[in-house]
Amino acid sequence: MLKKTSGPDLDALRLLDDRLRWLSAWTIHNANHLRTSPDGLKVGGHQASCASMTAIMAALYFHALGPNDKVAVKPHAGPVLHAIHYLLGSQSREQLENFRGFGGMQSYPSRTKDKIPVDFSTGSVGLGVAVTAFASLVQDYLIAHGEMAPDQAGRMVALMGDAELDEGNIYECLIEAYKHDIRNCWWIVDYNRQSLDATTAERMFRRFDEIFAACDWRVVTLKYGKALEAAFGEPGGAALKAWLEACGNADYAALTYLGGGAWRERLLKDAPGTRPLLDSRDDEALAALLTNLAGHDMESLVEAFDGARDEVPTLFIAYTIKGFGLPFAGHKDNHSGLMNPGQIAALRDRLGIAEGEEWEPWAGLGGNSAEAVKALVEDSRIAKAKRERPWNQVEVPAIPAPAGEEQSTQAAFGRILLDLSRAGGALADRVVTTSPDVTVSTNLGAWVNQRGLFRRSALADVFAAAKIPSAQKWGATDAGQHIELGIAENNLFLMLAALGLAGDLFGTRLFPIGTVYDPFIARGLDALNYACYQDARFLLVATPSGVTLGPEGGAHQSINPPLIALGQPGLRHYEPAFADELALFMEEAFRLIQAPDGESVYLRLTTRTIPQVERPDEAWKAGALAGGYWLREPAPGSDAALVYSGAIAPEALAAWEALRDDVPGLGLLAITSPDLLHRGWSERRRGRWGGRGAAPSHVEQLLAPLAPGAGLVTLLDGAPASLSWLGGVLGHRVSPLGIERFGQTGTLPDLYREYRLDVDSIVEAAAELFLD
Ligand SMILES: Cc1ncc(C[n+]2csc(CCOP(=O)(O)OP(=O)(O)O)c2C)c(N)n1
Ligand SMILES: [Mg+2]
């Protein structure tokens, strides 16, 4: 993991700190001031946020990190990561020149789009931090399951801004990480005490370390650099230290910005005891001394990283200055501040870089220094190439549908997993389930009874040992395959993100299945988006859903998740009505999890037990996988169809029976994925516009037999807009039924009547549309 450190070349590391500060600033400058802008829009970038962590990142990448370590980089320090790879020879100048341009290096590190190896995408602050803790847990899981040698374990590192400590997801994650006793995780806070808007409040100062220490993290506070520490021992030093300890964030930042004269004046006024120390320095030396914080002090950083080589999770609080070494250092508005051409030229001159040599990796370094710096860079042991993504590692067996004339999709889900577990095999062994305290109520219980809970240290099943009757075994070992989480849906999605990247990060593809109540998807939405954004692959099973969850009612009813799925790239929504559809979709999900052109899958299930349908043949399957099929074929040229999705199938069938005599040729269309149908429709239009031509999409083919101007009554236990768009495909008239309000408890007949999903309402809607 960590490199032996017999005397790292601190001077060379300091020069690398300068190189990174320069290259990140220049990359941003080039994009904003030199590159032609066809649209006149500001490009942006964060020179101050980069300068705040170049020393930390130089010490990490060119000294502390080993080849198995994985890092989530503070989003707006992305240019520093690219500069590191530029020096390593693994990033091109063209990419730097195209920062924030189309196809160029991304604004924030992106696993999927950047050309350099990025372990974790970042951008939404807090999430990149937390995912490293879950990645540590995944690493332990793989080690315990014999998929990774213990000596191959790396450290999961998060480089974070101090304002990220305000994100609640950090603490949810900290609690979960503590329960699972994670290790090999470092979080390094760039403690510049500035956020986007201004300087941050100091009242939390002494609390962050206490919070982490309470969860058994080692907290290493890197406050003053070596020069300041030495000065504290000089005459006047004690007074200086006392004053600095009491100095507020805004004051410190403002004085940093104002410089040596201001420091002197202020100290003489507030702390006259510092005079001997002030008298022995000119303004420039005084400013350098007072801004000598440990987060910019190479010796302090190397010492701290070397001192934390065991597996104890560690929080480093590295005091820094936002914009360190730049003209707007410490200014409260510097978050998006850009140096003007005069200022960047002054910085270039100060670093000894000749005009025209701005992109030269070693510009401004004398011969000996250049050699030493290059040697250090060559010594870096971090991965320089993007890792191949592991596809199709496991054969997916046919997933049979559970038998039973009446079933709910939720019960069938539990049954399918139980059967998979009993049958055994490579897929079953690679499945990992996880749930935020709804394992039992989402029907994962039987699977967990079979495969056990995962814990690094065994957890006794006290109730079983005491022979207290219980349907649910609850003992854990390191061979278990279910990771139980506390009730924090955000953590569920971060866990799925980390499990879904196991192949990319550690070489072994896992098949993660997470369960959650459908309404509570919204609780973890940004983390779900984050997981999809970095192309983590998993199966999300959301149940129960809609108002069909019945008497549970009220705040548990879900309305908009189908719309969320419709708008979420990287996540395919299937809404099965019958157990055989569910089996088909689970098999497809396992295929998609490991296919290069695959994606994650969201299954919206229900606890409602309904009669299953007879299948004359297997023809329905291809349509179901593509998003829909005719459960009752319409007559050619038919004027009408009922269109339904999911749990409401019995009402749709009953309404079809009730209407078939009055509406000859009436069809009944099962929509298994509004999401896929819409995508196919868009794809067709894109193909046409792109001159590629394209066969009619699945939804166009499905609707083609109907007469032009035919009427569709659409039904879904969820937002009606999920299906109402179908009218736009071929110009059919639509009467959309679904749920737009929520909050009532009641029996299903009560609720379906109230929300107009019952047979009478369907018939009424049809009459209005077809018969008028
Ligand atoms: C979830 C989220 N909310 C808001 C933002 C916008 N934003 C980007 S950086 C930032 C403040 C960052 O401050 P800090 O973490 O201290 O980083 P620094 O730039 O000071 O190093 C904000 C609010 C974001 N990226 N993500
Ligand atoms: Mg900050």
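Analyst: Let's start with a term: a residue is buried at under 20% relative accessible area, exposed at over 50% and partly exposed in between, using a 1.4 Å probe on the protein chains only. The model is predicted, with local features needing pLDDT of at least 70 and side-chain atom pairs pLDDT 80 or more, while totals for chains, interfaces and linings use all residues. Residues count from 1 along each chain as its sequence is written, chains are lettered from A and ligands numbered from 1 in the order written, and side-chain values use heavy atoms, without hydrogens and water.

User: What makes strand β7 mostly covered?

Analyst: Six of the six residues in β7 (431-436) are buried. The cover is on both faces: V431, T433 and S435 lie on one side, and V432, T434 and P436 on the other. Strands here are DSSP runs of E with at least two residues, helices are runs of H or I with at least four, and numbering goes from the N terminus.

User: How do you know that β7 pairs with strand β10, and in which sense?

Analyst: Pairing takes at least two DSSP bridges between the strands. β7 and β10 (482-485) have four and run parallel, so they pass that test. S435 sits opposite E484 in β10. Strand β11 (511-516) is also parallel to β7, again joined by four bridges, and there V431 faces F511.

User: Which residues of helix α23 are buried?

Analyst: In α23 (525-533) they are A527, L528, Y530, A531 and C532. Their cover includes α5, α21 (489-499), β12 (539-542) and β13 (571-574). After the helix comes D535, with a positive phi near 60°.

User: Why is G104 called buried?

Analyst: G104 has a relative accessible area of 0%, so it falls on the buried side of the cut-off. This glycine is in the loop between α4 (93-97) and α5. Leaving out neighbours within four places in sequence, G104 is in contact (heavy atoms within 4.5 Å) with Q95, N98 and D114. K115 is 11 residues along from G104, and their C-alpha atoms are 8.6 Å apart.

User: How many cavities does the search find, and what makes something a cavity?

Analyst: There are four of 30 Å³ or more. A cavity is a set of points on a 1 Å grid over the protein atoms alone where a 1.4 Å probe fits but cannot get out, and lining residues have an atom within 4 Å of a point. The largest holds about 70 Å³, and its lining includes N192 and Q194, as well as R193, Y252 and K322. By class, that lining has three nonpolar, seven polar and two charged residues.

User: Which helix and strand each supply at least two residues to the lining of the second largest cavity?

Analyst: Those are α5 (127-144) and β2 (156-161). The volume there is about 50 Å³, and 14 residues line the space, with P75, T122, G128, V129 and E164 nearest its centre.

Key: 1 Å grid on protein atoms, 1.4 Å probe; cavity = no way out; pocket = protein on both sides within 12 Å on 5 of 7 lines; lining within 4 Å. Points joined across faces, edges and corners; volume = space filled by probe spheres on them. Nonpolar A, V, L, I, M, F, W, Y, C, P; charged D, E, K, R; others polar.
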